[in-house]
Amino acid sequence: MKLTVFGATGAVGNQVVRQALAAGHEVTAVVRDPAKLEVAAQDRLKVAVVRNLTDENALLPVLTGRDAVISALGPASNKQAKEAPIAGPALRAIVSAMDRVGVSRVSAVSAAPVGVLPEGESVVTRALVYPLLRRLLRDLYADLAVMEAAMGASATEWTVIRPPMLLNKPRTGTYRRAIGANVRGGRTISRADVADALLVSLTDPATARQAVGVAA
């Protein structure tokens, strides 16, 4: 496939680019600072500098002729919401630009606390962990909720991947997945496995227009 990856210089985004190239895809990595892309130059990799992700017209060249889009914009690239919200405004522009150029498939990383706790979750998680996270990182999760709403209101075949705490560990490919829900008892997952989930969802019809929980 011909893929466009947003947030390509983040911890998840770099993994997406690396794994997509290893799988034989052509990748356009959208970045603000090319020096932060931790992937060596190669024939199937194009690096495109776009500094304003809310400018639809600036997005058209990096989306035209693509088969699918992956957004790794989110917690890692938003520095825990200390910067202005980016995922929501950017995805609103991205899905609109996708419609203009006829690209329909998109997957994006969100976060487990944006979703609903699964049935049977522990008392500690229900009464302490999630409420604390939602309070401490409320701006970040509000941004991701806006992102999810923008995707859901679009005509795209979208998938939202909702991981719990992200770890810098190798890809396993054996993580758990829950379509339309969070993973019960899910505590952590590697960024490499989140990248895998983003890529896998693009060719899995069961994930279209669904939020998908993932966890180790």
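Author: Contact here means heavy atoms within 4.5 Å. On that basis, residues 24 or more positions apart account for 70% of the contacts in the protein with a separation of 6 or more. The model is predicted. Its mean pLDDT is 89, and 85% of the residues reach 70 or more. One stretch needs care: over residues 76-81 the pLDDT is below 50. Beyond near neighbours in sequence, that stretch has 12 contacts in the model. Where pLDDT is low, the predicted coordinates should not be read in detail.

The protein has six helices and 10 strands. Of its 216 residues, 51% are buried.

Now the helix pair. Two packed helices are described by the angle between their axes and the distance between the axes. Helix α2 spans residues 56-63, and helix α3 spans residues 87-101. Their axes come within 9 Å. They cross at roughly 55°. Angles from 65 to 115 degrees would count as roughly perpendicular, and those under 35 as roughly parallel. The two helices are therefore oblique to each other. The crossing of α2 and α3 is right-handed.

Which residues of α2 and α3 make the contact? From α2 come Glu56, Asn57, Leu59, Leu60 and Leu63. From α3 come Ala93, Ile94, Ser96, Ala97, Met98, Arg100 and Val101. By class, the residues of this contact divide into eight nonpolar, two polar and two charged.

One further helix, for burial. Helix α6, residues 191-201, is mostly covered. Of its 11 residues, 10 are buried. Among them are Arg191, Asp193 and Asp196, along with Leu198 and Leu199.

Definitions and conventions
Residues are numbered from 1 along each chain as its sequence is written. This is a predicted model: local features need pLDDT of at least 70, side-chain atom pairs count only at pLDDT 80 or more; totals for chains, interfaces and linings use all residues. Side-chain values use heavy atoms; hydrogens and water are left out. Axes are lines fitted to C-alpha atoms, for helices over the stretch in contact, and angles run from 0 to 180 degrees between N-to-C directions. Helices (H or I, at least four residues) and strands (E, at least two) are DSSP runs, numbered from the N terminus. Angles under 35 degrees count as roughly parallel, over 145 as roughly antiparallel, 65 to 115 as roughly perpendicular and the rest as oblique. A crossing is left-handed if the near helix is turned anticlockwise from the far one by less than a right angle, and right-handed if clockwise. Ala, Val, Leu, Ile, Met, Phe, Trp, Tyr, Cys and Pro count as nonpolar, Asp, Glu, Lys and Arg as charged, and the others, Gly among them, as polar. pLDDT is the predictor's confidence in each residue, from 0 to 100. Buried means under 20% relative accessible area, exposed over 50%, partly exposed in between (1.4 Å probe, protein chains only).
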